[in-house]
Amino acid sequence: MKKLLLLLFLPVLGFGQQNTNFQTQSMTTDPCAAKIIYSSGAINQTICEADPISHIVFELADGAQTANVTGLPPGIIYEIVGATLTISGTPSDVAVNEVYSYSVQPINVNTNCSGTAITGTIIVNADGELTSTSGNTDQTLCEDEAITPINLTLAGGATGVAITSITGADISWMNVAVSGTSVTITGTPSQDIISTTVYDYTVITTGSSCTDAEIQGTITVNPTPKVLYNNPDGTNGNVNQAVCEGALIDPIVFTLEGTESANVTGLPTGITYAIS
């Protein structure tokens, strides 16, 4: 610390006379003075990864020419132009929600002294992340068969999932279980179908305050081939018949469901079948 000496002279008392008495007074100055003043922008901010922060602006004062800035998130920078220090940028991706406590401390480069720092907090929230670990999000199976379990992994800010169908397909048979970061989808299509049916589904992360992730897939179900016989009025012929040799049988009519062909065996010689 240094002291500045001030001499205070008293005014002239009268003609030809002067008061030669004087008083002294000292004033203390600080050569290490360095100060930073908050100007604009929120000192504490909460943002999503990949979103830019609002600029935070400070002014250097009282001998401060630069500042020591620490604790900023990756991707966030500061710049000093003249006496103005600006913090800006876009945080890099984060694996989980992160809290960054930063400090801006003014520095007098002439004296190498530093002033009182201003501190703040930048919270970077992670997007929801979802990956397939089983690689079987698209499957083809037969009616009444269970799907092979579909395994997914949560990351980022995701804590759970929701499942839906963009086309409105009935996927109520798909069961979703979440344990920690593991997601397992199981189930057996229960709908009675007569033709190939495609169930589309979308798994969307939940729990993140930022962007959700999604995985889409399809389950293609082929109907079980069926041969249907219905003869309420007797016009389709009885499946069991007794005829004399040389006599015609009554035509026996079946309906094919889920197939366009059939393997017919055991017919007597002379008895044939046709599919139309």
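Reader: In which sense do β13 and strand β19 pair, and over how many bridges?

Author: β13 and β19 (residues 214–222) pair in the parallel sense over 4 bridges; two strands count as paired if DSSP finds at least two bridges between them. Strands are DSSP runs of E with at least two residues, and helices are runs of H or I with at least four, numbered from the N terminus. This is a predicted model, in which local features need pLDDT of at least 70, side-chain atom pairs count only at pLDDT 80 or more, and totals for chains, interfaces and linings use all residues. Residues are numbered from 1 along each chain as its sequence is written, and side-chain values use heavy atoms, with hydrogens and water left out.

Reader: Which residue in β19 is the bridge partner of glutamine 139?

Author: The bridge partner is isoleucine 219.

Reader: What is the order of the strands in the open sheet?

Author: The order is β13-β19-β18-β15, with mixed pairing among the 4 strands. β13 (139–142) and β15 (160–164) are at the edges with a single partner strand each, so one side of each has no neighbour in the sheet.

Reader: Changing topic, is serine 103 buried or exposed?

Author: Serine 103 is buried, at a relative accessible area of 17%; buried means under 20%, exposed over 50% and partly exposed in between, with a 1.4 Å probe and protein chains only. Serine 103 belongs to strand β9 (residues 98–108).

Reader: What does serine 103 touch?

Author: Leaving aside residues up to four places away in sequence, serine 103 touches Asn68, Val69, Thr70, Ala117, Ile118 and Thr119, where contact means heavy atoms within 4.5 Å.

Reader: And how many helices and strands are in the protein chain?

Author: The protein chain has 0 helices and 21 strands, and 31% of its 276 residues are buried.
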